[in-house]
Structures are given as C-alpha cells and as structure tokens.
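I'm opening a notebook on this one and jotting down what I look up as I go.

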Amino acid sequence: MRCNPIAAAADATALAPRAAIRERALALGFDAVGFAAAELGTTVRDQFSEFLARGYHGDMGWLAARSEQRGAPQVLWPEARTIVVCGLSYAPDADPLAGLGARDRGTISVYARNRDYHDVLKGKLRGLARWIHEALGAEVKLFVDTAPVMEKPIAAQAGLGWQGKHTNLVSRRHGSWLFLGELYTTLALPADAPESDHCGACRRCLDVCPTAAFPAPYQLDARRCISYLTIEHKGPIPRALRAPMGNRIYGCDDCLAVCPWNKFATPHATAPLLPRADLTAPRLAELAALDDAGFRARFAGSPIKRTGRDRFVRNVLIAIGNSGEPALAPVAERRLADPSPLVRGAAVWALERLMPEAAFAALCARHRAAESDPAVRAEWDQSGSRQARV
C-alpha cells in the first residue's frame, strides 16, 4: 500500500495507536480485537509437530507443507512485529443441532448457511488494513484462514479466548462462535494478556462427538472429524464413520454447540452471514439431484462451493442412507448412473441400507458387473450382505 501523507490521521491522534486500531476495528463491525507479538512459543510448535507426526491432519497436506511458516509468524513475514487479531461473531439465534432428527433433511454447519465468511472477513480486514497504513504509516498484511497462520493459538495469545478441549477457540463473551482474521503489521504495539483456560472439568464437547474424533482433551484426530470428512476428505468416507454422520452433509457443530460458554453469546446480526432458508434444513432428495451446474448455481458465494459437487452429493447420499426412509431409495438409485465414482459408491451404500435384501441383491446383479471403477465394485461387494452393514 502507498501511504497518503495528506490523509490526516485525525482520528488516530486522539488515541494511542493500539486504542485507535481497536476502536476502528469495532467501528468496522468486528466483535473482538486483540494484539499479540508476532511470535509463537515452543509449546505451540511442539504440539503442532506432534499433530502432524501422528497423521491427524489426514488429507490436509497443506498443513505440513508450510509448517515452518505456520509455527513462526516472522518466517512468513520477517518485518512483522505485531499481530492484530479480529473476531467476528457468528453465534446462531437457534439451536444448531435442532435439525439432526429430520430424516428427509440435511444439516449444514451454521457457518456455511449463507455467504463465505472468508469474503466477509476479508472485506472488513481490508478496510482496517488500509486505515492502519494511511493513518499510522505502517505496513500491513492480512490473512483469513487460507494462509499458513496458526490463528487459534495466536487469538488465544491475543486474549480473545482460549483453545478449549475441542481445540477450537472459546470466548467468555462469544462462546465458540468467532470467525478469526489477522493483520500482521510492522507496528510494535503492546500485547494483550493471554486468556486463561476456563474449561475446568467440563468435557461436553468431547463426549458429544459422534465419531470419537478426540483421542484426548485438547487433541483432534481430523481423520475422524465430520467437518473434515464432509469438507476436506476427497475419497469415500470410511465405512465405520458413515452411520455416525447422520444427516450432517457439510460440517458439524456438535462440539461447538454444547459448550456452556455459549450462554453468554448474543446472536449475530451480520447480514451476509444470516442463514438462508434453503440452507437451514434442505431436502436431501433435492440436493442429491444436483448436477455440477445446479450445484454451482445453488452455492454461488457459499463456502460449500469449494468442496465441489461430487463430494457434496457423496455426503448427501450418506445422509439418505442414514435416513431410514425407503421412499428415498429411488433418489439414490438414480445416482448409480452418475459420472462420478465417488457418488456411485455412496449411492450403493445408501441403497443397501434402504432396500429389502432381495431387491438390493437384484439391483447388485444388474449393476455390479458393468461397474468399471474398482472402488465402486468394492462397495457392491462389501454391501452384499446384511452383516456388512455399518
């Protein structure tokens, strides 16, 4: 950014730079602001190295690819002196888990029921970065989730909250519902005091997890996490984890929603993040019928779009298989001719769970021999008996 010396910092002169930045961030619509030194301690780096060594990151190779930059902010940008952490609440106005019992509907994580939060945060952060540069003469770089930034430990260091036993950030004011964005700056500013851990003996987040994704408090095995499985995982969902997914078709809010600290959170009013009616409890039959063009049109501007149609319909078919609704079997059967092997394999599993044994055997006889993909053939073979059900 080019500094405009004529752009007087009238609103910054009345306040010290740190207070002025905080005031500006809140005026731009952020709900929480904190300051941390541009460094991370060895404990955080060691924990991250252990996470990678255990393979808990699964398909997310990008976590390991830039691990040095992720563990040391000044490796990412040597000139950085301070990290300004901004939080935006997305606290829902209703129970995020209320739709889990709807047999013919899907459940989408509350954060993904409207616009992509990356875009919303970036817009606000750009405004704050521009103001810092012009009013305070500092260089600034902004990051929202996609860069090698360990945002939750940094946010804890900046006093926005602490990492709970579910490994997500918990705020005493906003519960588990904060989106995070960071500004790295050349300004050397006093840091906020880190927030202490207030989880106590509570383990609700650990006990509620449908897939037992927490090997221990403060540890997450992403390979078992429904959010990872429905969003990041590229292949077939492991069979043992399909039934516990229920009707969760994009993300999972269980461990977040049960946190007792949420009682202090006020429902957010950020318009682009307010839930769309068609994404609050969408019909599974309608979603399973989406082709690529239909998927792109429906989820334009949504974080769901980046997952891609095939993975999303895979998730929908697993939810159909878990529905216990035989009326949805024809919906799944139409996907046996889908161009995507990922979709066809999920359709096989759904049909085995929904159809009478003889009808499914007849279906297998018609389709299995013509199937060219080995993974889909394996689905037919594994689903060939009632005993193979998960």
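**Entry 1: a salt bridge to start with**

Is Asp221 buried or exposed? I looked it up in this model, which is a predicted one. Asp221 is buried, with a relative accessible area of 9%; I keep in mind that buried here means under 20%. I then checked for a charged partner and found Arg223, whose closest N and O atoms with Asp221 are 2.9 Å apart, a salt bridge. Arg223 is partly exposed, at 35% relative accessibility.

How many salt bridges does the count come to? I got 23 salt bridges.

I picked out a couple more. Arg54 and Glu50 meet through their side chains at 2.6 Å, N to O. Arg54 has a relative accessible area of 37%, which makes it partly exposed, and Glu50 is partly exposed too, at 36%. Arg105 and Asp104 form a salt bridge at 3.9 Å, N to O. I looked up both of these residues as well: Arg105 is partly exposed at 25%, and Asp104 is partly exposed at 31%.

I also ran into a network of salt bridges, which links Arg276, Asp278, Glu286 and Arg298. I followed up on Asp278, and it sits in the loop between helix H12 (254-257) and helix H13 (284-288). Asp278 is partly exposed, with a relative accessible area of 32%.

**Entry 2: helix H3**

I turned to H3, which runs over residues 42-53 and has 12 residues. From its first C-alpha to its last it reaches 16 Å, close to the 16 Å expected.

Which residues of H3 are buried? I noted Val44, Phe48, Phe51 and Leu52. They cover an arc of only 95° around the axis, so they sit on the same side of H3. The face turned away from that buried side carries the exposed residues Thr43, Asp46 and Ala53. I wanted to know what the buried residues of H3 pack against, and I found helix H4 (61-65), helix H5 (67-71) and helix H8 (151-157). Past the end of H3 comes Gly55, with a positive phi near 75°.

**Entry 3: helix H2**

I checked what follows H2 and found Gly29, whose phi is positive, near 110°.

Thr167 turned up, with phi near 75°. I found Thr167 in the loop between strand E5 (162-163) and strand E6 (169-170), and it is buried, with a relative accessible area of 12%.

Tyr218 lies in the loop between helix H9 (204-208) and helix H10 (226-231). It is partly exposed, with a relative accessible area of 39%.

**Entry 4: Ala332**

Where is Ala332 placed? I located it in helix H16 (residues 329-334). Ala332 is buried, with a relative accessible area of 0%. I listed what it touches, leaving out residues up to four places away in sequence: Leu317, Ile320, Ala347, Ala350 and Leu351. I also compared Ala332 with Val348, which is 16 residues away in sequence and 7.9 Å away in space, C-alpha to C-alpha.

**Entry 5: an enclosed space**

I got one cavity of 30 Å³ or more, and the largest cavity has a volume of about 50 Å³. Its lining includes Pro96, Leu97, Thr107, Ile108, Arg248, Tyr250 and Cys252. I asked which elements give two or more residues to that lining, and they are strand E3 (107-108) and strand E8 (248-250).

Conventions: Residues are numbered from 1 along each chain as its sequence is written. This is a predicted model: local features need pLDDT of at least 70, side-chain atom pairs count only at pLDDT 80 or more; totals for chains, interfaces and linings use all residues. Side-chain values use heavy atoms; hydrogens and water are left out. Helices (H or I, at least four residues) and strands (E, at least two) are DSSP runs, numbered from the N terminus. The expected span of a helix is 1.5 Å times one less than its number of residues. Buried means under 20% relative accessible area, exposed over 50%, partly exposed in between (1.4 Å probe, protein chains only). The arc is that of the directions from the helix axis to the C-beta atoms. Contact means heavy atoms within 4.5 Å. A salt bridge is a side-chain nitrogen of Lys or Arg within 4 Å of a carboxyl oxygen of Asp or Glu. On a 1 Å grid over the protein atoms alone, a cavity is a set of points where a 1.4 Å probe fits but cannot get out, and a pocket is an open set with protein on both sides within 12 Å along at least five of seven lines; lining residues have an atom within 4 Å of a point. Grid points are joined across faces, edges and corners, and a volume is the space filled by probe spheres set on the points.
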